[in-house]
Amino acid sequence: MRGLFSALVFATLSSTVSQPYLWKNVKIGGGGGFVPNVVFNPTQRGLAYARTDIGGAYRMNPNASWTPLLDWVGNANWNYWGCDALATDPVDPARLYLATGMYTNSYDPNNGTILISTNYGCTWCTSPLPFKVGGNMPSRGM
């Protein structure tokens, strides 16, 4: 019985057709850390965004490269680089929302901020939150 099972497994595995694929790193710019989410807009084909825990957010270009959306952020607003959530609007694909903030610990003096864009992340309005957001905290990929 064991020999028959082994023969069936071998036959199944040897008949499986694999397609070659070359895996490469994705170059997204000067960011770092994890990329917990890639979010696709459900109504505009090819529109995708990536959020990172400490490296900001990115928009995918038609040639599959990525444009950084938060390179304008300076040291005064360093907590914007921690993106805890990202939402793209299915009704108006040009609208994009980011929930930003690095840490919820006491050593980070900053509360979170919602960044709102109406032009695919080219420019932003800010809406401060009365609480901290932890883009670089444990469970950030949940």
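## Before we start

Residues are numbered from 1 along each chain as its sequence is written, and side-chain values use heavy atoms, with hydrogens and water left out. Because the model is predicted, local features need pLDDT of at least 70 and side-chain atom pairs count only at pLDDT 80 or more, while totals for chains, interfaces and linings use all residues.

Strands, labelled E, are DSSP runs of at least two residues, numbered from the N terminus. Two strands pair if DSSP finds at least two bridges between them. As background, strands of a sheet pair through backbone hydrogen bonds, either parallel or antiparallel.

## The sheet from E1 to E4

Let us begin with an open sheet of four strands, in the order E1-E2-E3-E4, with antiparallel pairing. Strand E1 (37–40) and E4 stand at the edges with a single partner strand each, so one side of each has no neighbour in the sheet. From one strand to the next, the twist averages 25°; the axes behind this angle are lines fitted to C-alpha atoms, and angles run from 0 to 180 degrees between N-to-C directions.

Strand E3 (residues 57–60) and E4 run antiparallel and are joined by three bridges. Here you can look for Arg59, whose bridge partner in E4 is Thr67.

Leu98 has Leu115 as its bridge partner in E7.

The structure holds three aromatic pairs. Rings of Phe, Tyr and Trp (its six-membered ring) pair if their centres lie within 6.5 Å; planes under 30 degrees apart count as stacked, over 60 as edge-to-face and the rest as tilted. Trp78 and Tyr103 make a tilted pair, because their planes stand at 45°, with ring centres 6.4 Å apart. Trp78 lies in the loop between strand E4 (66–68) and strand E5 (83–88), and Tyr103 in the loop between strand E6 (96–100) and strand E7 (113–117), so the pair ties together parts that are 25 residues apart in sequence.

Tyr103 also forms a tilted pair with Tyr107, at 5.7 Å centre to centre and 55° between the planes. Trp78 is partly exposed, with a relative accessible area of 27%, and Tyr107 is exposed, at 58% (buried means under 20%, exposed over 50%, partly exposed in between, with a 1.4 Å probe and protein chains only).
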